[in-house]
Amino acid sequence: MDATKVIIDGVDRFRQRRTAPLVLELDLTEGLTEGPPADPLSALLAMRRTSLTDVLSALKRARTDPRVKALIVKIGTRPLGLAMVQELRQAVVSLRAAGKLTVVFAETFGEFATGTIPYYLGSAFERVYLQPSGDVGLTGVAMEQRFLRGALGKLGVEPQMGQRHEYKTAANTFTQDHMTDAHRESMGRITESVTEQVVAGVAEGRGLEPARVRELVDQGPFIGAEAVEAGLVDRLAYRDEVYDEVKQAVGDDSLLLYVGRYGKGPIAKKLPRPGEQTVALVHGHGSIRLGRSGRSPLGGGSSMGSDTVCAALRAARRDEHVKAVVFRVDSPGGSYVASDAIWREVVLTRRAGKPIVVSMGDLAASGGYMVSMAADAIVAQPGTLTGSIGVFGGKAVIGGLLEKLGVTSETVGEGANSAMFSPTNGFSEAQWARINAWLDRVYDDFVNKVAEGRGLTRERAHELAKGRVWTGADAQAGGLVDELGGLEDALALARRKAGLAADSPVRVYPKLNPLERLRPAESSEDRTAALARVRLEAWGPLAHLATELGLPSYGPLMLPGSWTIR
């Protein structure tokens, strides 16, 4: 009798899981990864984190799934990039428009800290709940720049830097002690553009006038009760109260299911059928470098290796079942030569008659823009930071520092410029001439390719370049970006350009089975050549600090410093 009851209960639970209403749950406490892990270390580090790609796909599916009744999202303190936030907002707004209940819960939108961007995400939901002890740090948008000239001078370090042109402000970080007019103009417009986007989003989501939201920004941060009174939050409640209210709204028999688990679905729906026409999705994340993509086991983020990305684009281009390519770029730039190699593969993909659409993430600037500019179309979020079409280069001369430390140095070499890049002595006049010739060559090549890829005159491309960073909204107005939107918009555009059905499958490229991952590549044309690797980077977890201090990085096409919207 007991065995029969166990079987019956098991059948009932199975039937309930197959038929009960679903409340999807997304926990952003640990953030999201941009795409699927490219190497074993990334896979290990991201084991408990959902990818943005999977979330967007799942929420798209949920819009037409009658079982899905609601979505609950918990926003934590881990920062999310502005463009990623806009991708999520777009998905939530579409789900809300499909008649699903959307609920956001936060213990706080900034605990004695700014919370403008997290709250901007929260404002897209139908109901906004805040823990009674929480606050709403709606304080506006700020960007901070540090200048190291004074500190370097005290140390006896002389930065010798060249740049093309006045908006390529990486050199200013080391050669100036304040913002130049061009530097302030560029950063001022970025904060203004982002503020416009945040105000418009909060106003629409909360049913407030934009002028009122501007007033509230100047009055923040808000204690919880003040946020409710201002209309920024619907109710103060603890987690259990929030979940109880959602259950009452959709039914006590509803089941909670993480978005990541829901997105996996039946495997038959995920894999293209043999011979089916597909869209290839190629990811390029991190600083651009020569060689293979990878991640340091010591930390410091991932890198976009030209060998890896070029091999992936070649494999997609040569696959007869791939009819279009979406190249997802999230990068502050890096090596000019590596960026140029990837640019060439984008050009060849387009020439092969396969539409290639770039989808920009939080950053696609400098080298990140170079790898994007030859695509058939570029799609960016309004808050994407892009452009920075320029170049800088030079070195930090540490001879004075060594002298202070009592360190002497002697050089033996053959060739007038054999020690040209030694950090001990400065450039000679002739060597500076070579540096300037190199900077001019790189800048002219960059701008000419922008003009060619974007259908602009050389003069217009130069006006938009000069090293200036743009938001996606301003880049679209200037012609550097074609459309505003996210990854799903880029995929839809690629399908249309290739004449594919709106529901044609997407395949992350290259897709390798476990055996292919284990065996060595036969040649640079082999699909396994697109595998990433674990790298031992020099700076490890101090990579960000090294960049701030001007220590050697990945290359001259790099967005300078730390670009964080907060």
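Visitor: Which residues form the negative surface patch?

Guide: This is a predicted model. One member of the patch, Glu-241, lies in helix α11, residues 239-250. Glu-241 counts as partly exposed because its relative accessibility is 31%. The negative patch is formed by Asp-240, Glu-241, Asp-244, Asp-252 and Asp-253.

Visitor: Which residue does a cis peptide bond join to Gly-220?

Guide: Most peptide bonds are trans. Here omega is about 5°, and the bond is cis.

Visitor: Where does His-165 lie?

Guide: The peptide bond that leads from Arg-164 to His-165 is also of the cis kind, with omega near 0°. His-165 itself lies in the loop between β6 (158-164) and α7 (172-175).

Visitor: Is Phe-112 buried or exposed?

Guide: Phe-112 is placed in the loop between β3 (101-106) and α5 (116-122). Its phi is positive, about 50°, although Phe-112 is not a glycine. Relative accessibility is 86%, and over 50% counts as exposed, so Phe-112 is exposed.

Visitor: What is the relative accessible area of Ser-366?

Guide: Most residues other than glycine have a negative phi. Ser-366 has a positive phi near 55°, and it is found in the loop between β16 (356-365) and α16 (367-370). Ser-366 is buried, and its relative accessible area is 0%.

Visitor: Which side chain is joined to that of Thr-471 by a polar contact?

Guide: Thr-471 is found in strand β20, residues 469-471. At 0% relative accessibility, Thr-471 counts as buried. The polar contact spans 2.9 Å, and the side chain at its other end belongs to Ser-193.

Visitor: What distance separates the C-alpha atoms of Met-304 and His-283?

Guide: Met-304 is found in strand β13, residues 302-305, and is buried with a relative accessible area of 1%. Along the chain, Met-304 and His-283 are 21 residues apart. Their C-alpha atoms are separated by 8.8 Å.

Visitor: How many residues apart in sequence are the parts tied together by Arg-78 and Glu-30?

Guide: The side chains of Arg-78 and Glu-30 meet in a salt bridge of 3.8 Å, N to O. Arg-78 lies in the loop between β2 (68-75) and α4 (82-97), and Glu-30 in the loop between β1 (22-27) and α2 (40-45), so the parts they tie together are apart in sequence by 48 residues.

Visitor: Why are Arg-212 and Glu-215 separated by about one helical turn?

Guide: Their side chains meet in a salt bridge of 3.1 Å, N to O. Arg-212 counts as partly exposed at 32% relative accessibility, and Glu-215 is partly exposed with 43%. The separation is about one helical turn because the two residues are 3 residues apart in helix α9.

Visitor: Which helices hold Asp-444 and Arg-458?

Guide: The side chains of Asp-444 and Arg-458 meet in a salt bridge of 2.9 Å, N to O. The pair ties together parts 14 residues apart in sequence, because Asp-444 lies in helix α18 (residues 429-454) and Arg-458 in helix α19 (residues 458-464). The helices are α18 and α19.

Methods: Residues numbered from 1 in each chain as written. Predicted model: local features only at pLDDT ≥ 70, side-chain atom pairs only at ≥ 80, totals over all residues. Heavy atoms only, no water. Patch = residues over 30% accessible without salt bridge, like charges linked within 9 Å, V, L, I, M, F, W, Y side chains within 5 Å. Areas by Shrake-Rupley, 256 points an atom, 1.4 Å probe, with all protein chains shown as cover. Salt bridge = Lys/Arg side-chain N within 4 Å of Asp/Glu carboxyl O. Lys, Arg positive; Asp, Glu negative; His and termini not counted. Charge placed at Lys NZ, Arg CZ, Asp CG, Glu CD. Helix = DSSP H or I, 4+ residues; strand = E, 2+ residues; numbered from the N terminus. Buried < 20%, exposed > 50% of the residue type's maximum accessible area, 1.4 Å probe, protein only. Polar contact = N/O pair within 3.5 Å; in protein donor to acceptor, adjacent residues only side chain to side chain.
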